[in-house]
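User: I would like to learn how to read aromatic pairs, backbone angles and pockets in a model. Please take them one at a time.

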Amino acid sequence: MQKFTKMTAVAAPMEASNIDTDQIIPKQFLLAVDRKGFGKHLFHGWRYLDAAETLPNPDFVLNKPCYQQAKFIVARDNFGNGSSREHAPWALLDFGIRAIIASSFADIFSNNALGNGLLLVKLSPEEVEEIHQALNQKPGMEITIDLEENTVTVGAKHYAFSVDPFRRECILNGLDTIALTLAHEEEIQAYEATIPAWRRLNR
């Protein structure tokens, strides 16, 4: 997965609370098992006025010209609740979103997101409100998220956040579960060399 260390980018404010995984990527798009290609269906019910996805909704935040290059979303509370579909962070990442700022995240979504390299920044409701106000005053504003320093910079203000240390190291270094396993390839091969031939044939 992609490393995330420090990034300055446009942040899109999404005013809604309780944005669930079916709103992020509706169930009719879950047939594929490859992680790519879900971005075009992200927020399908909000981004488009038709089922064929030919009529973009001009009122939806990510369709507005100043937010079409957004890499961050600033939401409210309980982002990612609902079903446990891992396709939700896949869709966000495939669209180009690298981090979500909110006051709380659903547990299963949080595990799926961090495991795929989507950074989740949890701030207090008051801090999230301040950031929303700043973004609404200056549409298309860029902010900086620094995972090395665990800070979010919005204008002249700095906000501190924390991430589980293990997840933080994985995202900083771009290590998913496969990469973590391969980091122990020599130990794995050494162990497998100790397995009797008759057992290897039956595996």
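Analyst: What follows goes through these features in turn. The model is predicted.

User: How is a pair of aromatic rings described, and how many aromatic pairs does a search of the whole structure find?

Analyst: A pair of aromatic rings is described by the distance of the centres and the angle of the planes. Searching the whole structure gives 6 aromatic pairs. One of the pairs is phenylalanine 43 with tryptophan 46, whose centres are 5.6 Å apart with 10° between the planes. This pair counts as stacked because planes under 30 degrees apart are put in that class. Ring pairs also join Phe43, Trp46 and Phe60 in a cluster.

User: Is phenylalanine 43 buried or exposed?

Analyst: Phenylalanine 43 has a relative accessible area of 0%, so it is buried. Tryptophan 46 has 26% relative accessibility and is therefore partly exposed.

User: What does phenylalanine 43 contact, leaving aside its neighbours within four places in sequence?

Analyst: With those neighbours set aside, its contacts are Met14, Ile19, Gln23, Ile24, Phe60, Leu62, Ile73 and Leu92. The largest nonpolar core has 56 residues, and those touching the most other members are Phe43, Phe79, Leu92, Phe109 and Ile145.

User: Where does phenylalanine 43 lie, and what is its phi?

Analyst: Phenylalanine 43 is in the loop between α1 and α2 (44-47). Its phi is near 50°, a positive value in a residue other than glycine. Asparagine 18 is not a glycine either, and has a positive phi of about 55°. Asparagine 18 belongs to the loop between β1 (6-13) and α1 (21-24). With 38% relative accessibility, asparagine 18 is partly exposed.

User: Now the pockets. How much space lies in the largest pocket, and which residues line it?

Analyst: The largest pocket holds about 260 Å³ of space. Its lining consists of Met1, Gln2, Arg35, Lys36, Trp90, Leu93, Asp94, Arg98, Asn116, Gly117 and Asp176. By class, these are 3 nonpolar, 3 polar and 5 charged residues.

User: What classes of residue make up the lining of the second largest pocket, and which elements supply at least two residues each?

Analyst: The second largest pocket has about 220 Å³ of space. Its lining has 5 nonpolar, 4 polar and 3 charged residues. α4 (107-115) and β4 (119-122) each supply at least two of the lining residues. The lining includes Ser110, Asn111, Leu114, Leu120, Val121 and Lys122. Also in the lining are Ser104, Phe105, Ser162, Val163, Asp164 and Arg167.

Notes
Residues are numbered from 1 along each chain as its sequence is written. This is a predicted model: local features need pLDDT of at least 70, side-chain atom pairs count only at pLDDT 80 or more; totals for chains, interfaces and linings use all residues. Side-chain values use heavy atoms; hydrogens and water are left out. Rings of Phe, Tyr and Trp (its six-membered ring) pair if their centres lie within 6.5 Å; planes under 30 degrees apart count as stacked, over 60 as edge-to-face and the rest as tilted. Buried means under 20% relative accessible area, exposed over 50%, partly exposed in between (1.4 Å probe, protein chains only). A nonpolar core is a set of buried Ala, Val, Leu, Ile, Met, Phe, Trp, Tyr and Cys residues joined through side-chain atoms within 4.5 Å. Contact means heavy atoms within 4.5 Å. On a 1 Å grid over the protein atoms alone, a cavity is a set of points where a 1.4 Å probe fits but cannot get out, and a pocket is an open set with protein on both sides within 12 Å along at least five of seven lines; lining residues have an atom within 4 Å of a point. Grid points are joined across faces, edges and corners, and a volume is the space filled by probe spheres set on the points. Ala, Val, Leu, Ile, Met, Phe, Trp, Tyr, Cys and Pro count as nonpolar, Asp, Glu, Lys and Arg as charged, and the others, Gly among them, as polar. Helices (H or I, at least four residues) and strands (E, at least two) are DSSP runs, numbered from the N terminus.
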